[in-house]
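Please read these notes with the model open beside them. They go through a few local features one by one.

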Amino acid sequence: MNKIKNTLKIKGYDQFKCTADKCNFTCCRGWDINVDTKTYNKWREKDNLNYILDNVRFVKSYGENKYLIKKETKGGCPFLSNEGLCNIVINHGDEYLSSTCRTFPRIENDFEDVKELTLSCSCPEVVNIISDMKDKIYIDFNESLSYIEELGCLKIRESLVNILQKEDISIENKLIISYDMLFNMLNSDDLTYEDLIELLEKYKSKNYIKEELDKYKEYENKDTIGDLKEINSLFIDIIENYRNVSIFKEYLKDIYNFTEKISIKNLFKEWNNFKDLFKKYDNLIENCIVSKVLSNCTSDDLEEMIISFEIIILEYLLIRHALFLRYCINVTKEINIQEIKDYVVIFSRIIGNNSEAVIEFLLDMFESEILEFNYISALILS
Ligand code: SF4
């Protein structure tokens, strides 16, 4: 008999409501829509649904067979009506949607007898909910549930969240110290559960964090222009294939064209002013990062956990860089909260929800899925 699961939800979960045809970033455009095998078979088995299969393509990715919806030339789902509604729902009902379409932006993670429900920042309504939060984001926790104590990966996730939510430490330093903690685990041979708990315990102390951070002082302001150039190259390489996608064009094309023409050295004088302005939005950025950690850093394989966190760092770097370029273009020399929210959604889709392609990119560029600690630190601290 199936055990009844306790369900825990991320703060704001029940507030989510899809705005459908009023959404500027409809989830039916701009990325691959996966069709699960169960839904594919449902469409195949019923004669009146067979026509849907004409709009499905088959791909082999990392040895797995996958079905994807064939996109139209403008990157949209062929079932999206002119009014921005889904024709599969209109004609056949919700139960014939693929699991991705039915659940997005909800994310479910199952741990023994606990089900955690979180939300993806790829949806603008989710980012609106997070942006309205005055305090820190968390998953409702029931003290009587011991599942976190029993699973090493969740103890690691808990420590990441603790570090990311510490007061009086900059976001940049919190990302570095979190990555440092993961690397220390990776470099410890034969780490037992007890060793793990001992190591995680150290990162609860502000003094220990300060000592660790002091070790990385040498990266600070070493060659900031060089690091900014490096982020700029990453930015160009990564968004090259997305700048003409209809849903992203308005947000990416002008900054892409701008960055191709300018010299980063000449923009450098704007960098510190920009960083001071960006700091004002630390609360929103921190809550988005923590929300991603809660949803994605759940693997019991340490390397997978590190890759998930590294992808969150990459998203942060690209959001910050896109906003820097937007700030340089804006004659008013300002950034506004709507621009931040838009880029959180865009890079959650380009990077976070596209992890297989990002990993392939990292392997091509750096011959490793896990980037060196010194490299990542320098980019964060630029
Ligand atoms: S992105 Fe979010 S708000 Fe927009 S259509 Fe999809 S689920 Fe609805």
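**Notes on the model**

1. Ala-20 is partly exposed, since its relative accessible area is 29%; buried means under 20% relative accessible area, exposed over 50%, and partly exposed in between, with a 1.4 Å probe and protein chains only. The residue sits in the loop between strand E1 (6–9) and strand E2 (34–35). Helices (H or I, at least four residues) and strands (E, at least two) are DSSP runs, numbered from the N terminus. Ala-20 is not a glycine, yet its phi is positive, about 45 degrees. Most residues other than glycine have a negative phi, and most peptide bonds are trans.

2. On the source: this is a predicted model, in which local features need pLDDT of at least 70 and side-chain atom pairs count only at pLDDT 80 or more, while totals for chains, interfaces and linings use all residues. Residues are numbered from 1 along each chain as its sequence is written, and side-chain values use heavy atoms, with hydrogens and water left out.

3. Lys-333 also has a positive phi, about 50 degrees, although it is not a glycine. Its place is the loop between helix H14 (302–329) and helix H15 (337–350). With a relative accessible area of 28%, Lys-333 counts as partly exposed.

4. Which two residues are joined by a cis peptide bond? They are Phe-104 and Pro-105, with omega about 5 degrees. Pro-105 belongs to the loop between helix H3 (99–103) and strand E5 (106–111).

5. Two packed helices are described by the angle between their axes and the distance between the axes. Helix H6 (residues 152–164) packs against helix H7 (residues 171–186) at about 155 degrees, and their axes are 9 Å apart. Here axes are lines fitted to C-alpha atoms, for helices over the stretch in contact, and angles run from 0 to 180 degrees between N-to-C directions. H6 and H7 are therefore roughly antiparallel (angles under 35 degrees count as roughly parallel, over 145 as roughly antiparallel, 65 to 115 as roughly perpendicular and the rest as oblique).

6. The contact between these two helices (heavy atoms within 4.5 Å) involves residues of H6 including Ile-156, Leu-160 and Ile-163, and residues of H7 including Leu-175, Met-181 and Met-185. By class, the contact of H6 with H7 has nine nonpolar, two polar and one charged residues. Ala, Val, Leu, Ile, Met, Phe, Trp, Tyr, Cys and Pro count as nonpolar, Asp, Glu, Lys and Arg as charged, and the others, Gly among them, as polar.

7. Ser-170 lies in the loop between H6 and H7 and is partly exposed, at 24% relative accessible area. Ser-170 is 116 residues from Glu-286 in sequence, and the C-alpha to C-alpha distance is 9.9 Å.

8. Leaving out residues up to four places away in sequence, Glu-315 touches Lys-292, Phe-347, Ser-348, Ile-351 and Gly-352.

9. Helix H17 (residues 373–381) is mostly covered, with seven of its nine residues buried. Among the buried ones are Phe-373, Ile-376 and Leu-379. The cover over the buried residues of H17 includes H7, helix H10 (224–239), helix H12 (264–279) and H14.

10. A disulfide is a pair of cysteine sulfur atoms within 2.5 Å, and by this rule the count is zero. Cys-121 is in no disulfide, and the nearest cysteine sulfur, that of Cys-288, is 4.3 Å away. Cys-121 is buried at 3% relative accessible area, whereas Cys-18 is exposed at 52%.
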